[in-house]
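Please open the model in your viewer and keep the selection panel at hand; the stops below take one selection at a time.

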Amino acid sequence: MEQEPMAAATMPPMRHPSARSTPVEPSQRGTLPQVQVLRALAATSVALRHAQYDAATLELEAGRAFQAWDPIPWSAGVDIFFVISGLIMVHTSRQLFAKTGGARLFLSRRLARIVPLYWTVTTLYLAVVLLTPSLLNQNYINFRFVIESYFFIPAPRPDGVVQPLYELGWTLNYEMLFYVLFTAVIVLPMRWAVTALLTTLVGMVLAGYLAAPLPEPFAFWTDPIVLEFAFGVTIGIMCASNLRPSGFIRACVAAAGLGALMLAAAFPDVSMGLARPVVYGIPASLIVWSAALAPGELRHESLAARWGAGVGDASYALYLLHPFVIRATRVFFWRTGLILVLGPWAFIASTLVVALGVALITYRLFEKPLTRRARGLLGAGPSTRQQLRPFPVTAYPKTD
């Protein structure tokens, strides 16, 4: 599998870094509903791409041809995730900048959100590999490689590909890198923290280019794709400034982003010769920008918007679990002969519906309670009464 690149109440007014505040959960500070819908679409686009791949395999086994539907590069859903990640980290952490204990609280929350489900899925995948390696086309187990996979350390697989044991986890390796960098700068006031973070990300890419070829994991960490987090951080700062462009401007920007993705799909030979942040990252940023800067309150929230926001909550589970659903549905359609009767698009539709159902159930009954429990164990739960004290004002240049 090739690598694929994993809110809107009005933002509260910006506070001076010396203002005292209590840890506030993202849900308590207002979400970005349009961005939540976008997360749902991004996860679905990745699942659709993989479902079409398996549909083509089924059709080949049945002696027929399958024509994929690719009006846009569906794998760009991951680039949208990366941009959203940069945006959301700024949005949900505004009260943590330049506060004693803010860095620990930020990292604890992110670990509690990401690690439990990923470790569970990786363990499930490892069990399948050990019991039936032929089912997943895997015939190797390397102890060091498995440990590196669990701890988000980019490392080449025994076949040389830089991906973790559970292949979709490559995006989480980038996420964890971003979280570590964010944790390091969050001790600064917001303006200085963002400046340091953007400078670091750009500097990493530049260093990787000048010093290439680098050994792993440094080659992985300095890939230009990390700039997509910088795009998201910049959008987050725009949100914090209460920038609210008109609906017409936002529609034009979103259309430009979508049009750029359609051009990338129409001319794959050209797009393959360009850097991914240019081909996918910039269009993804335009789309996220238009969603993030939408008016904060929806007077008449449609059923589709509520559904999209709900799927957005479960988008992490959908992203991680859809390969299991695709493979199980593929086996079912082949062994029952349904693929011969209903055809590939019935398989694709069934796969997406089942994957969505599994994701929603997993989010509500497993991921959400487990995240709450993990936050409690790490001292980052909603019941925390700790006051975040500002760092001494003399420690940093004065800023607002």
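**First stop: a surface patch**

Begin by selecting L263, F267, V270, L274, V278 and I282, which make a nonpolar surface patch of about 570 Å². Patches here consist of residues with over 30% relative accessible area and no salt bridge, and nonpolar side chains (Val, Leu, Ile, Met, Phe, Trp, Tyr) are joined within 5 Å; a salt bridge is a side-chain nitrogen of Lys or Arg within 4 Å of a carboxyl oxygen of Asp or Glu. Areas come from the Shrake-Rupley method with a 1.4 Å probe. This is a predicted model, in which local features need pLDDT of at least 70 and side-chain atom pairs count only at pLDDT 80 or more, while totals for chains, interfaces and linings use all residues. Residues are numbered from 1 along each chain as its sequence is written, and side-chain values use heavy atoms, with hydrogens and water left out.

L274 counts as partly exposed because its relative accessibility is 48%, where buried means under 20%, exposed over 50%, and partly exposed in between.

**Second stop: T122**

Next select T122 in helix α3 (residues 102-131), which counts as buried because its relative accessibility is 0%. Leaving aside neighbours within four places in sequence, T122 is in contact (heavy atoms within 4.5 Å) with Y150, L165 and Y166.

**Last stop: beyond a helix**

Finally, select G379, which follows α15 and has a positive phi, near 75°.

Note on methods:
Helix = DSSP H or I, 4+ residues; strand = E, 2+ residues; numbered from the N terminus. Patch = residues over 30% accessible without salt bridge, like charges linked within 9 Å, V, L, I, M, F, W, Y side chains within 5 Å. Buried < 20%, exposed > 50% of the residue type's maximum accessible area, 1.4 Å probe, protein only.
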